[in-house]
Amino acid sequence: MRIRNYSHRVILAILWKTLAKGVGLGNVLPLAVADEYGIYKERRSLQLIVHRRRPAEHGDIEETVGSYSLGRIHLFPCQRCSTGFLTFVFLHELCHAWIHQFHERIYEDSETCGFCDKFADRAFRILGGSVSPHASCGEFVLNERRALTAADKFSDYARTRFESRKFERPNKTAQHAVSRI
Ligand SMILES: [Zn+2]
Ligand SMILES: [Zn+2]
């Protein structure tokens with residue numbers, strides 16, 4: 001995974017790369033191998049772009065903080081976002097990336113935000129993260145060193161969760177709790 005950080009803030013690059021590797025997205029992306037539509041070209045690995053921070057706070061976390069499209073994850077932190085919260089959003093988008101790269105048809109046909117929310121929530125706790133109900137973006141707590149020691153446990157969980165393929169059926173009225181794709 002290649003990371004570009006334009007936000008001038010500390011990010012958990014080692015952890016995030018480890019997590020991407022843990023779900024099989026650490027090297028050349030599956031869809032970039034054939035690159036049927038010439039989308040990936042020279043950027044054949046997962047790209048993570050952390051954008052310059054926003055002037056305003058997120059306040060509640062209903063607005064778009066992350067997105068995924070065609071091998072690229074974008075994060076849009078505000079000045080209050082904790083690295084724990086950004087990791088949480090990263091996990092959500094990593095889930096979208098995984099579905100897209102390994103199950104393209106499901107990605108195109110189904111509403112997968114609910115699945116990815118649950119995945120991110122559980123994975124975040126497995127990594128030792130904690131969050132209180134209705135916490136703002138500044139209140140997600142995660143210790144990177146501790147999270148790295150749980151990387152194998154995370155990979156095991158991801159494998160089990162993804163193999164279950166309990167994707168939700170399309171639901172046009174579904175609200176995305178953290179981000180939109
Ligand atoms: Zn924020
Ligand atoms: Zn989503």
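Two strands are taken to pair if DSSP finds at least two bridges between them. Strands (E, at least two residues) and helices (H or I, at least four) are DSSP runs, numbered from the N terminus. The model is a predicted one: local features need pLDDT of at least 70, side-chain atom pairs count only at pLDDT 80 or more, and totals for chains, interfaces and linings use all residues. Residues are numbered from 1 along each chain as its sequence is written, and chains are lettered from A and ligands numbered from 1 in the order in which they are written.

By the pairing criterion, β3 and strand β4 (residues 72–75) are joined by 4 bridges and run antiparallel. Within this pair, G66 stands opposite L75 of β4. The sheet is open and has 4 strands, ordered β1-β2-β4-β3, with mixed pairing. The edges are taken by β1 (2–5) and β3 (66–69). Each has a single partner strand, so one side of each lacks a neighbour in the sheet. On average, neighbouring strands are turned by 15 degrees against each other, direction ignored. Helix α3 (residues 83–102) packs on this sheet and touches β3 and β4. The direction of α3 makes about 20 degrees with that of β3. Angles run from 0 to 180 degrees between N-to-C directions, and axes are lines fitted to C-alpha atoms, for helices over the stretch in contact.

The largest nonpolar core has 45 residues. Such a core is a set of buried Ala, Val, Leu, Ile, Met, Phe, Trp, Tyr and Cys residues joined through C-beta atoms within 7 Å. A residue is buried if 20 or more other C-beta atoms lie within 10 Å of its own, exposed if 12 or fewer, and partly exposed in between; C-beta atoms are placed from the backbone. L91, L94 and C95 have the most contacts inside the core. At least two residues each come from α1, β2 (47–50), β4, α3, α5 (113–126) and α7. The largest share, 11 residues, is supplied by α3. Beyond its neighbours within four places in sequence, L94 is in contact (C-beta atoms, placed from the backbone, within 7 Å) with L19, A20, V23 and I73.

Helix α1 (residues 13–22) also meets helix α7 (residues 151–164): their axes come within 9 Å and cross at roughly 35 degrees. T18, L19 and G22 of α1 make the contact with A151, F154, S155 and A158 of α7.

E104 lies in helix α4 (residues 104–109). E104 counts as exposed because it has 12 C-beta neighbours inside 10 Å. The C-alpha atoms of E104 and L31 are separated by 8.9 Å, although the two are 73 residues apart along the chain.

Conventions
Contact = placed C-beta atoms within 7 Å.
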